[in-house]
Amino acid sequence: MCDNFTQRLDPSQSRKIKLGAVIAIRNFIKEAHINDSILFSFLVDSIADPDEKVRDLVFKVVREVANHEIVELIEIKLKELNGDFKKEVNKLLQESGKK
């Protein structure tokens, strides 16, 4: 499964494939109640995708499935980001009431 998500969420992959992967992660977490730190990491790493529509979907999914571990991963990811990405992620954390 990890190899699958690694390939599907690669920034060079097409938008359609990346969106499908984010939806799959959402379904695993929300519908199947799979609370796996690896899935959370794939989701959080996608926050920095160069495609704005992919980022928008990732933000929407994070708002739906946010938990303590996801928030911690986002805070770690925030240290790696700069510029507009950092502002967007800070806003996401504030909207989640976590920061």
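Phe28 is partly exposed, with a relative accessible area of 27%. That value comes from a predicted model. Phe5, by contrast, counts as buried, at 2% relative accessibility. The cut-off for buried is under 20%, and exposed means over 50%, so a residue in between is partly exposed.

Phe5 lies in helix α1 (residues 2-8), and Phe28 lies in helix α2 (residues 15-31). The pair therefore ties together parts that are 23 residues apart in sequence.

## Phe5 and Phe42

Phe5 also pairs with Phe42. This aromatic pair is tilted, with 5.7 Å from centre to centre and 45° between the planes. Phe5 belongs to helix α1 and Phe42 to helix α3, so the pair ties together parts 37 residues apart in sequence. Phe5 and Phe42 are both buried.

Which residues form the aromatic cluster? Phe5, Phe28 and Phe42 form one cluster.

## Helix α3 against helix α5

Two packed helices are described by the angle between their axes and the distance between the axes. Helix α3 covers residues 37-45. The axes of α3 and α5 come within 10 Å and cross at roughly 40°. The crossing of α3 and α5 is right-handed.

Which residues make the contact? From α3 come Ser37, Phe40, Ser41, Val44 and Asp45. From α5 come Glu69, Ile70, Leu73, Ile74 and Lys77. By class, the contact of α3 with α5 has 5 nonpolar, 2 polar and 3 charged residues.

## Lys77

Lys77 is one of the α5 residues in that contact. Helix α5, where Lys77 is placed, covers residues 68-80. Is Lys77 buried or exposed? Lys77 has 12% relative accessibility, so this lysine counts as buried. The cut-off behind that call is under 20%.

What does Lys77 touch, leaving out residues up to four places away in sequence? Lys77 touches Val44, Asp45 and Ala48. Val44 and Asp45 are among the α3 residues that make the contact with α5.

Note on methods: Residues are numbered from 1 along each chain as its sequence is written. This is a predicted model: local features need pLDDT of at least 70, side-chain atom pairs count only at pLDDT 80 or more; totals for chains, interfaces and linings use all residues. Side-chain values use heavy atoms; hydrogens and water are left out. Helices (H or I, at least four residues) and strands (E, at least two) are DSSP runs, numbered from the N terminus. Buried means under 20% relative accessible area, exposed over 50%, partly exposed in between (1.4 Å probe, protein chains only). Contact means heavy atoms within 4.5 Å. Axes are lines fitted to C-alpha atoms, for helices over the stretch in contact, and angles run from 0 to 180 degrees between N-to-C directions. A crossing is left-handed if the near helix is turned anticlockwise from the far one by less than a right angle, and right-handed if clockwise. Ala, Val, Leu, Ile, Met, Phe, Trp, Tyr, Cys and Pro count as nonpolar, Asp, Glu, Lys and Arg as charged, and the others, Gly among them, as polar. Rings of Phe, Tyr and Trp (its six-membered ring) pair if their centres lie within 6.5 Å; planes under 30 degrees apart count as stacked, over 60 as edge-to-face and the rest as tilted.
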